Amino acid sequence: MSVIRVVIADDSQVARDVLRDILSRDGDIEIAGEATNGREAVELAKRLAPQLITMDLNMPVMDGLSAIEEIMYHKGIPILVVSDRSDAQTAYRALEAGALEVMPKPTFEASDAERLLERVRLLAGVAVITRLRRRSLATAYAPPIPTLTTATQSIPRDFQHVIAIACSTGGPQALVRLLRPLPADFPAPIVIAQHISHGFIDGMAQWLASLCTMPVSVGQEGEQLRPGHIYLSPSERDLCVSPRHRFQLQPSPEKSLYHPSCDVLLQSVATVYGSDAIGIILTGMGRDGVNGMRAIYQAGGTTFAQDENSSVIYGMNQEAVNAGVIQYELPLEDFAHRLLRDVCGYVASRPEPLA
């Protein structure tokens, strides 16, 4: 097995000591260099060409966000943001700049150490590219408000379809590209289960809200679903929807590997909305979301998966495709237009389903 060469960037000596101790434990990770500020991180990235950089955000001389932007402009290197939860909103701007994932600074707890090692080993093998300048994704299309026709509807609602999205590693970046082109009066609620470290979901909601035309918030117990809103599941509990079109929060199983659960959210959407449910499974590692996509597929809903070429990790979505529960596999840039077609009736034709 080849050794993974890592650069640690953090102005705190204590934080660097913790990271070095954890990453050096098993011999398959080598600390190639350490930076105490963003400028040093940029210089080490150029000189050492590491396979991964762990990046703090709050550093002197040059902060972590600026360092990420500089590094990714010159050469694509996998970057894992390891920072305080108080930096949550900035952390998601770092993902927009090219970092792959965000996690809190670890302690010496066994679970923290294992989570960090798992992330480093996974992300070090991800192919990343230099960042191109952002293009405008504005749309002039104003969709009509749909007329409800579903025969299974028992409690009135002011929308027809519900879109449920499952994602993990690479998900925040994918969500921006999927959601940002959708107009403010999009006539369906969008509910999302994104695997995330505890304490970072509010920052993610604020970050997404700053980039999307629709309001973005974390789903609350008893809150009513409304069209033209994007809702995120909190990480501490699993989000699901009730037949009264309201959110319910339930405790995550003690030994659950994923927080929040994609399956719980998607299965509840399938149960309540049946053929009006639209399931989307994006980039990520593991199998969470496959059973939820199966539930939507079996209920007569529509199921989509992000294709391999546009995925950071072709894992969850590949598992769903292999399970035979995906009708349409699309590149990421096609999703917004497809939703406008299928939800709003923007264009009558539909893509050919998978064989």
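Tutor: Start with two terms. Helices (H or I, at least four residues) and strands (E, at least two) are runs found by DSSP, numbered from the N terminus. Two strands count as paired if DSSP finds at least two bridges between them.

The model is predicted, so local features need pLDDT of at least 70, side-chain atom pairs count only at pLDDT 80 or more, and totals for chains, interfaces and linings use all residues. Residues are numbered from 1 along each chain as its sequence is written, and side-chain values use heavy atoms, with hydrogens and water left out.

Let us take the five-stranded sheet. It is open, and its strands come in the order E2-E1-E3-E4-E5. The pairing is parallel. Strands of a sheet pair through backbone hydrogen bonds, either parallel or antiparallel. E2 and E5 (101–104) are the edge strands, each pairing on one side only. From one strand to the next, the twist averages 25 degrees. Angles here run from 0 to 180 degrees between N-to-C directions, and axes are lines fitted to C-alpha atoms, for helices over the stretch in contact.

Now zoom in on one pair. E1 covers residues 4–9 and E2 covers residues 29–35. Six bridges join them in the parallel sense. Look for Ala9: opposite this residue stands Ala35 in E2.

How does the chain get from one strand to the other? E1, helix H1 (residues 13–23) and E2 make a right-handed β-α-β unit. Right-handed has a plain test: with the strands pointing away from the viewer, the path from the first strand over the helix to the second runs clockwise.

Next, see what lies on the sheet. H1 lies across E1, E2, E3 (52–55) and E4 (79–83). H1 runs at about 165 degrees to E2. Helix H5 packs on the sheet too, touching E1, E2, E3, E4 and E5. The direction of H5 makes about 165 degrees with that of E5. Contact means heavy atoms within 4.5 Å.

H1 and H5 also meet each other. Two packed helices are described by the angle between their axes and the distance between the axes. H1 and H5 (residues 110–123) pack at about 75 degrees, with their axes 10 Å apart. That angle makes H1 roughly perpendicular to H5. The cut-offs: under 35 degrees is roughly parallel, over 145 roughly antiparallel, 65 to 115 roughly perpendicular, and the rest oblique.

Which residues touch? From H1 come Leu19, Ile22 and Leu23; from H5 come Ala113, Leu116, Leu117 and Val120. Sorted by class, this contact has seven nonpolar, no polar and no charged residues. Ala, Val, Leu, Ile, Met, Phe, Trp, Tyr, Cys and Pro count as nonpolar, Asp, Glu, Lys and Arg as charged, and the others, Gly among them, as polar.

Stay on H5 for a moment. Asp112 forms a salt bridge with Arg115, and their closest N and O atoms are 3.2 Å apart. A salt bridge is a side-chain nitrogen of Lys or Arg within 4 Å of a carboxyl oxygen of Asp or Glu. Both Asp112 and Arg115 lie in H5, three residues apart, which is about one turn of the helix. The structure holds 15 salt bridges.

Compare another helix pair. H3 (residues 64–74) and H4 (residues 88–97) pack at an angle of about 5 degrees, their axes 9 Å apart. H3 and H4 are therefore roughly parallel to each other. Leu65, Ile68, Glu69 and Met72 in H3 meet Thr90, Arg93, Ala94 and Ala97 in H4. The contact of H3 with H4 divides into five nonpolar, one polar and two charged residues.

One backbone detail remains. Ala49 is not a glycine, yet its phi is positive, about 45 degrees. Find Ala49 in the loop between helix H2 (38–48) and E3.

Then turn to the seven-stranded sheet. This open sheet has the order E8-E9-E7-E6-E12-E13-E14, with parallel pairing. Its edge strands are E8 (216–218) and E14 (328–330).
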